[in-house]
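Trainee: I would like to go through the pocket and the ligand site. Can we start from the model itself?

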Amino acid sequence: MANVRLEGITRKFNSATAIEDISFEVPDGQFWVMVGPSGCGKSTILRTIAGLDTQSSGNLYIGDALMNGIPARARDVAMVFQNYALYPHMTVAKNLAFGLRMRGVDAKTMQERVETVARSLNIAHLLDRKPRQLSGGQQQRVALGRAIARQPQVFLLDEPLSNLDAQLRDDTRAELKQLHQQVGITTIYVTHDQVEAMTLADRIVVLNRGQIQQIGDPQTIYARPANLMVATFLGNPPMNILHATYTGEVFQVAGQSLSCPPALQDKLQLSQGQGVELGIRPEHITIKNEKLKIKNQEEKEALSMNGETPPLQHSLLMVEVKVVEPLGRETLIRANLPASEVPLNIQAASDWRGHSGDRISVQLDLNQLFVFDPTTGDALFP
Ligand code: ATP
């Protein structure tokens, strides 16, 4: 096992830059996941680490050894792709043993390793079968098993579960996590699937257009996204983004008002008329069918005389329901702010009964607001 260190790795294809100045270090034994939209450079990074592609500039280390110019077969990494290729004429046992045989491992060790890996992946009963006698999920486990049996220093997985159906994918994901806890091989895993990223990763690397957007543990990435791209990429349904104008203690959002929480105001010192992008996750919005009662005038005056912060009166938005999606455990409401195309997704209780076309008021938990710079997309708050 070994740590993997990338220092300023750039890969250009002719004049196009696929990845730019990528630097991170995966400590020995950790499980890191790279996520990002299609074409952001995930596979290019993985292939560069494997030695299947060569960086245009930058240094790659596995352990303390500089890997620049070292061919793939000498790197002691095992890679599993989405389109795994098993040897069709070999049994499962022989497929699992293949990498060991190529490295001249003795027969007894080989048999022990094959049996251990087969047991941990639940394919011990399939050792005598040929790949064509296996389901897709079983074949994928054999492909994973073949890589694990080699006990490489580093494990590189490129969307290894994406060919599996939903149930099998869930099961194999959990097995993979358990397996990593047992064997502890340094792993770098590429996926489009945010559930895989959130559940498997010690650290997530979020990429966009060939550049790193943020590196962090799953909770940090979710709770403190560095920018709009990260905020809207992780989370399902994604974070809602509302363009707003600050007008002194309130934000104007498509003709409606939202109070600006004091903590936010203290930190940002927004100026009158300043534009921001507000972020709010669907789980931080609740449905209220009546409008919030405005505090009476006396109460308001008393508060202002005491110099206290006014209450967050404006936490409601009126929305028009567009689509209702019952998901069993909850109901997803896709709505718009009236007279605008501004969408707002709301996670409601499963027993919520409403219809497309209904106008409802929803309450935002304003303590859960995110604020982003409308020009750079960078997170300004929290
Ligand atoms: P996906 O999730 O769709 O697999 P990805 O994030 O893995 O995408 P890469 O395959 O790493 O993305 O590609 C990154 C960029 O590099 C893309 O714009 C792609 O078109 C480009 N690219 C990759 N390989 C080559 C190549 N051999 N020649 C030219 N451009 C390439």
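Trainee: Which helices and strands each supply at least two residues of the lining of the largest pocket?

Mentor: This is a predicted model, where local features need pLDDT of at least 70, side-chain atom pairs count only at pLDDT 80 or more, and totals for chains, interfaces and linings use all residues. Residues are numbered from 1 along each chain as its sequence is written, and side-chain values use heavy atoms, without hydrogens and water. Helices (H or I, at least four residues) and strands (E, at least two) are DSSP runs numbered from the N terminus. The elements are β6 (77-80), α2 (92-102) and α4 (136-149).

Trainee: Which element gives the largest share of that lining?

Mentor: The lining of the largest pocket has 15 nonpolar, two polar and five charged residues. Gly counts as polar in that scheme. The largest share, four residues, comes from β6.

Trainee: Which residues surround the ligand?

Mentor: By class, the shell has four nonpolar, six polar and one charged residue. Helix α1 (residues 42-50) gives the largest share, three residues. The shell is F13, A18, P37, S38, G39, C40, G41, K42, S43, T44 and H192.

Trainee: How far is an oxygen atom of the ligand from an N or O atom in the side chain of T44?

Mentor: Polar contacts are pairs of N or O atoms within 3.5 Å. A backbone N or O atom of G41 lies 3.0 Å from a ligand oxygen. For a polar side-chain atom of K42, the distance to a ligand oxygen is 2.8 Å. For the T44 side chain, the value is 2.5 Å.

Methods:
Near = heavy atom within 4 Å. Polar contact = N/O pair within 3.5 Å; in protein donor to acceptor, adjacent residues only side chain to side chain.
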